[in-house]
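Keep the sequence and the 3D view open side by side. We will walk through the fold strand by strand.

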Amino acid sequence: MKIKCTCKHAFQDGEYGKGIRVVTPIDKSKHPQTHKIQRVRCTACGKEHDAPNAELRPTDAALSRQVAPRT
Ligand SMILES: [Zn+2]
């Protein structure tokens, strides 16, 4: 999962594009009903961001094998 962050990180700038950072989902931020991740954390600076959408949960790769791909 990647989002835009304001922190400086030369490696990720070069690897993914300027300001684009790999983030990890914050498991505790899951919505109690939908179980969608609401928050993610930048791996470069540790800053929390709103999750761009719920498609990016780690389990989605497994789920997508069982359901038709979304457009
Ligand atoms: Zn950051």
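In what order do the strands stand in the open sheet? The order is S1-S2-S3-S4, with 4 strands and antiparallel pairing. Strand S1 (2–4) and S4 stand at the edges with a single partner strand each, so one side of each has no neighbour in the sheet. Neighbouring strands are turned by 50° against each other on average, direction ignored. Here axes are lines fitted to C-alpha atoms, for helices over the stretch in contact, and angles run from 0 to 180 degrees between N-to-C directions.

This is a predicted model, in which local features need pLDDT of at least 70, side-chain atom pairs count only at pLDDT 80 or more, and totals for chains, interfaces and linings use all residues. Residues are numbered from 1 along each chain as its sequence is written. The score pLDDT is the predictor's confidence in each residue, from 0 to 100. The protein averages a pLDDT of 84, and 73% of the residues score at least 70. Among the elements, helix H1 (residues 10–16) has the highest mean pLDDT, 97. Helix H2 (residues 60–63) has the lowest, 51. Read H2 with that value in mind.

Now the overall layout. The secondary structure comes to 2 helices and 4 strands. Helices (H or I, at least four residues) and strands (E, at least two) are DSSP runs, numbered from the N terminus. Along the sequence the pattern is β-α-β-β-β-α. Of the 71 residues, 13% count as buried. A residue is buried if 20 or more other C-beta atoms lie within 10 Å of its own, exposed if 12 or fewer, and partly exposed in between; the C-beta atoms are placed from the backbone.

S1 and S2 pair in the antiparallel sense over 3 bridges. Two strands count as paired if DSSP finds at least two bridges between them. Strands of a sheet pair through backbone hydrogen bonds, either parallel or antiparallel. Lysine 2 has valine 22 in S2 as its bridge partner. For isoleucine 3, the partner in S2 is arginine 21. Lysine 4 also lies in strand S1. Lysine 4 counts as partly exposed because it has 13 C-beta neighbours inside 10 Å. Leaving out residues up to four places away in sequence, lysine 4 touches Gly19 and Ile20. Contact means that two C-beta atoms, placed from the backbone, lie within 7 Å. The C-alpha atoms of lysine 4 and valine 23 are separated by 9.4 Å, although the two are 19 residues apart along the chain.

Next comes the loop between S1 and H1, where cysteine 7 sits. Is cysteine 7 buried or exposed? Cysteine 7 is exposed, because 12 other C-beta atoms lie within 10 Å. Beyond its neighbours within four places in sequence, cysteine 7 contacts Arg21, Cys42, Ala44, Cys45 and Lys47. Its C-alpha atom is 10.0 Å from that of lysine 18, which is 11 residues away along the chain.

Move on to S2 (residues 20–25). The side chains of S2 alternate. Arg21, Val23 and Pro25 point to one face and are buried. On its other pairing, S2 joins S3 antiparallel over 3 bridges. Threonine 24 stands opposite arginine 41 in S3.

The loop between S2 and S3 holds histidine 35. Phi of histidine 35 is near 60°, a positive value in a residue other than glycine. Histidine 35 counts as exposed because it has 10 C-beta neighbours inside 10 Å.

Strand S3 (residues 39–42) alternates too. Which of its side chains are buried? Val40 and Cys42 are, pointing to one face. S3 and strand S4 (residues 48–50) run antiparallel, joined by 3 bridges. Valine 40 stands opposite histidine 49 in S4. The hairpin of S3 and S4 has 5 residues between the strands. In that hairpin, glycine 46 takes a positive phi near 85°.

Last, the contacts across the chain. Among contacts between residues at least 6 apart in sequence, 28% join residues at least 24 apart.
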